[in-house]
Amino acid sequence: MLGTAWGDRWHGTAEDGLAAGHPAVAVSSPQAVAVYRDPPSHGSPRNLIELTVAELQARGSAVQVRGPDQPDGTPGLAADITADAAAELRLAPGQVVWFGVKAQEVTLRATHPGVD
C-alpha cells in the first residue's frame with residue numbers, strides 16, 4: 001500500500017526497487033478506472049477515491065473524466081468511460097464522484113527525486 005502526503009491510500013502491485021518509506025507513485029490506465037456517483041456498496045475495487053470532476057473531454061466514443069490537479073501539482077486522476085456511461089451518470093464539472101480501481105490494475109513504482 002502507498003500513502004500520499006494528502007491522505008490518499010493506494011493498493012497495487014509493487015515493482016522491484018520499491019522500498020518502504022521512499023518516494024513512489026501509483027500508476028494505472030484511465031481505462032481501468034470505474035466512475036460512480038455514490039460510493040459503491042459492493043464490488044472488488046480496493047482503491048476508491050472521492051473527487052470533484054474538473055473536466056470532461058470527448059474522445060471519439062469515449063469520455064475522459066478528469067479530477068483536479070493533485071496537491072503536489074501533478075495532473076488530476078483520469079478515467080476513460082463510454083459516452084453512454086457519462087450520459088447515464090449525468091456527469092458535469094463540479095460534480096463529486098468516486099473513482100474505483102482494482103488493486104491488480106495499479107502499479108506502485110519507485111520515484112527518484114529530480115528525475116522525470
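Gln70 is buried, with a relative accessible area of 15%. Buried here means under 20% relative accessible area, exposed over 50%, and partly exposed in between (1.4 Å probe, protein chains only). Gln70 lies in the loop between E8 and E9. Beyond its neighbours within four places in sequence, Gln70 contacts Trp6, Asp8, Pro75, Gly76 and Leu77. A contact requires heavy atoms within 4.5 Å.

The model is predicted: local features need pLDDT of at least 70, side-chain atom pairs count only at pLDDT 80 or more, and totals for chains, interfaces and linings use all residues. Residues are numbered from 1 along each chain as its sequence is written, and side-chain values use heavy atoms, with hydrogens and water left out.

The protein chain holds 1 helix and 11 strands. Their order along the sequence is β-β-β-β-β-β-β-β-β-α-β-β. Helices (H or I, at least four residues) and strands (E, at least two) are DSSP runs, numbered from the N terminus. The C-alpha atoms fill a box of roughly 40 × 30 × 25 Å along the principal axes. Of the 116 residues, 28% count as buried. Among contacts between residues at least 6 apart in sequence, 66% join residues at least 24 apart.

In soluble globular proteins, nonpolar side chains tend to be buried together. The largest nonpolar core of this chain has 19 residues. Such a core is a set of buried Ala, Val, Leu, Ile, Met, Phe, Trp, Tyr and Cys residues joined through side-chain atoms within 4.5 Å. Trp10, Val35, Val65, Ile81, Leu91, Val97 and Phe99 touch the most other members. At least two core residues come from each of strand E6 (47–52), strand E8 (62–66), strand E9 (78–82), helix H1 (83–89) and strand E10 (96–101). E10 gives the largest share, 3 residues. Leu91 touches Val35, Leu56, Val65, Ile81, Ala86 and Val97, residues up to four places away in sequence not being counted.

Ala19 sits in another loop, between strand E3 (13–14) and strand E4 (24–27). Ala19 is partly exposed, at 33% relative accessible area. Its C-alpha atom is separated by 9.6 Å from that of Arg109, 90 residues apart along the chain.
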